[in-house]
Amino acid sequence: MKQSEYFKILKLTKRSLEEYKNWGETEIYKAPITRNPIEKSILKKERQKTFTTTTKVMNSNEELRQLEEQVNSCQKCPLGKNRLNAVFGVGSSNTDLMFVGEGPGYDEDHKGEPFIGRAGQLLTKIIEAMGKTRETVYIANIVKCHPMIDPSNPEKRANDRPPTQEEMEVCRHYLDMQLDIIKPKIIVTLGASSTKGLLNNGESISEIRGAVKEYNGIKLMPTYHPAALLRNPSLKKFVWEDMKKIMRFLETGKI
Ligand code: SF4
Ligand code: URA
């Protein structure tokens, strides 16, 4: 080491020791770095913040778990009678973004998880294109049990139908509770059913998609259902346009 470098380090060390002395430090050999009062108060605040977030997430997870138990034994509407599994919802209890679909289909009824069939795989791709994952958003449906054309046959494929207005009204209580626990900043309704179920709107999905609405004080944007994109891929560009708006909103708070 050159002599000049040596003196430079010595000078910096001296200055920082003086700084510690200014802060009231007398025993530098005892972890001086964490005893700087400013650093100490920053560390304390960070620890408090982490503790508050962790407690909040733990409470929300527990509240969701208890609500899921209620849903699993629910028979409040006729859909409860023939379901194989109720489909509560998956994802983070601490997210800003919640997707709401129409209702479980064959695959979801068999596995008890939302959006895992073909349409679901497309939704997963959309979420990932937004730089997110199924685990960092929340995914649910407006009804938790499989609406079937022939309710006596849950083993039949292509036996799905949209939920009725009455089924959505009865089941909506559970979605309201999920929203209350998760408190997302924005809801994306996928397709006409969940949009109508939450907004009671008169417009068609092609008219209302991309518009910023509100449900129970939470921002809501309707877009096409991924099943519609499978039938008509030319609609994909509109959904991507809507998702870009959502991403911008989540980054800037402005929409
Ligand atoms: Fe209950 Fe909803 Fe299932 Fe109807 S669809 S039985 S209200 S959980
Ligand atoms: N379609 C939906 O609306 N929800 C699902 O969970 C699966 C397919």
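View 1. Searching the whole structure turns up 1 cavity of 30 Å³ or more; on a 1 Å grid over the protein atoms alone, a cavity is a set of points where a 1.4 Å probe fits but cannot get out. The largest cavity holds about 110 Å³ of space, a volume being the space filled by probe spheres set on the grid points, which are joined across faces, edges and corners. It has 14 lining residues, with Cys-74, Cys-77, Cys-145, Cys-171 and Tyr-174 closest to its centre; a lining residue has an atom within 4 Å of a point. Helix 7 provides the largest share of this lining, 3 residues, and helix 4 also supplies at least two. Here helices are DSSP runs (H or I, at least four residues), numbered from the N terminus. By residue class, the lining splits into 9 nonpolar, 2 polar and 3 charged, where Ala, Val, Leu, Ile, Met, Phe, Trp, Tyr, Cys and Pro count as nonpolar, Asp, Glu, Lys and Arg as charged, and the others, Gly among them, as polar.

**View 2. Ligand 1 in the largest cavity.** A molecule sits in a cavity or pocket if more than half of its atoms lie within 2 Å of its grid points, and ligand 1 does so in the largest cavity. Around ligand 1 you will find Cys-74, Lys-76, Cys-77, Leu-79, Gly-80, Arg-83, Lys-144, Cys-145, Val-170, Cys-171 and Tyr-174, each with a heavy atom within 4 Å of the ligand. Two elements give two or more residues to this shell: helix 4 (79-82) and helix 7 (165-182). Helix 7 makes the largest contribution, 3 residues. The shell comprises 7 nonpolar, 1 polar and 3 charged residues.

**View 3. The largest pocket and its lining.** Unlike a cavity, a pocket is an open set of points, with protein on both sides within 12 Å along at least five of seven lines. Helix 5 (106-111), helix 6 (118-129), helix 8 (191-199) and helix 10 (226-231) each give two or more residues to the lining, and helix 10 gives the most, with 4. In this lining, 12 residues are nonpolar, 8 polar and 8 charged.

View 4. The neighbours to look for around ligand 2 are Gly-101, Glu-102, Gly-103, Glu-108, Pro-114, Phe-115, Asn-141 and His-225. They divide into 2 nonpolar, 4 polar and 2 charged residues. Polar contacts are pairs of N or O atoms within 3.5 Å. An oxygen atom of ligand 2 lies 2.8 Å from a polar backbone atom of Glu-102, and a nitrogen atom of the ligand is 2.8 Å from a side-chain N or O atom of Asn-141. In the His-225 contact, an oxygen atom of ligand 2 is 2.8 Å from an N or O atom of the side chain. On its own, ligand 2 has 240 Å² of accessible area, of which the protein covers 91% (Shrake-Rupley method, 1.4 Å probe).

**Notes for all views.** Residues are numbered from 1 along each chain as its sequence is written, while chains are lettered from A and ligands numbered from 1 in the order in which they are written. In this predicted model, local features need pLDDT of at least 70 and side-chain atom pairs count only at pLDDT 80 or more, whereas totals for chains, interfaces and linings use all residues; side-chain values use heavy atoms, leaving out hydrogens and water.

How values were computed. Polar contact = N/O pair within 3.5 Å; in protein donor to acceptor, adjacent residues only side chain to side chain.
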